[in-house]
Amino acid sequence: SCSSGKPEVGRVAVLGEAARTAWFALAGADVYPAEDPGQARGAWASIDPDTAVVVLTPMAADALSSVAGATDSPLCVTLPTTLPPDGLDETLGALGS
């Protein structure tokens with residue numbers, strides 16, 4: 001088959017409480033809602049194998065500390081515990097400029 005010349009891009013997943021993760025779907029991320037540690041572990045098991053990066057809420061990071069970051073797992077990053085005083089809108093605006 002012919003290559004399109006475009007690099008392969010891995011998927012991005014976001015796992016954790018729906019109130020903190022739902023908006024990531026607007027950016028095209030796969031969102032895996034989990035409201036407690038048991039749900040976080042279940043959601044981790046269902047993440048698409050083509051996922052390159054997983055964004056975790058602090059609760060999900062704690063629940064997955066024994067598996068997230070293993071050599072065969074995707075790159076994991078954890079959201080901050082609290083938002084800056086100016087809120088999310090101000091933070092995202094600064095990132096876009």
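**Exercise 1.** Find which residues Ile47 touches, not counting residues up to four places away in sequence.

*Solution.* Start with the rule: contact means heavy atoms within 4.5 Å. Leave out residues up to four places away in sequence, and Ile47 touches Ala13, Leu15, Tyr32 and Val54. Before going on, a word on what you're looking at: this is a predicted model, where local features need pLDDT of at least 70 and side-chain atom pairs count only at pLDDT 80 or more, while totals for chains, interfaces and linings use all residues. Residues are numbered from 1 along each chain as its sequence is written, and side-chain values use heavy atoms, with hydrogens and water left out.

**Exercise 2.** Work out how many residues the largest nonpolar core has, and which elements give two or more residues to this core.

*Solution.* Terms come first. A nonpolar core is a set of buried Ala, Val, Leu, Ile, Met, Phe, Trp, Tyr and Cys residues joined through side-chain atoms within 4.5 Å. Buried means under 20% relative accessible area, exposed over 50%, and partly exposed in between, using a 1.4 Å probe and protein chains only. Helices (H or I, at least four residues) and strands (E, at least two) are DSSP runs, numbered from the N terminus.

Now count: the largest core has 15 residues, and Ile47, Leu15 and Trp44 are among those with the most contacts inside it. Strand 1 (11-16), helix 2 (37-45), strand 3 (51-56) and helix 3 (58-63) each give two or more residues to this core. Helix 3 supplies the largest share, four residues. There's also a second, separate core of five residues, including Phe24 and Leu79.

**Exercise 3.** Decide whether Leu15 is buried or exposed.

*Solution.* First, locate Leu15: it's in strand 1. Next, check its relative accessible area, which is 0%, so Leu15 is buried. Last, look at Val31: Leu15 and Val31 are 16 residues apart in sequence and 6.1 Å apart in space, C-alpha to C-alpha.
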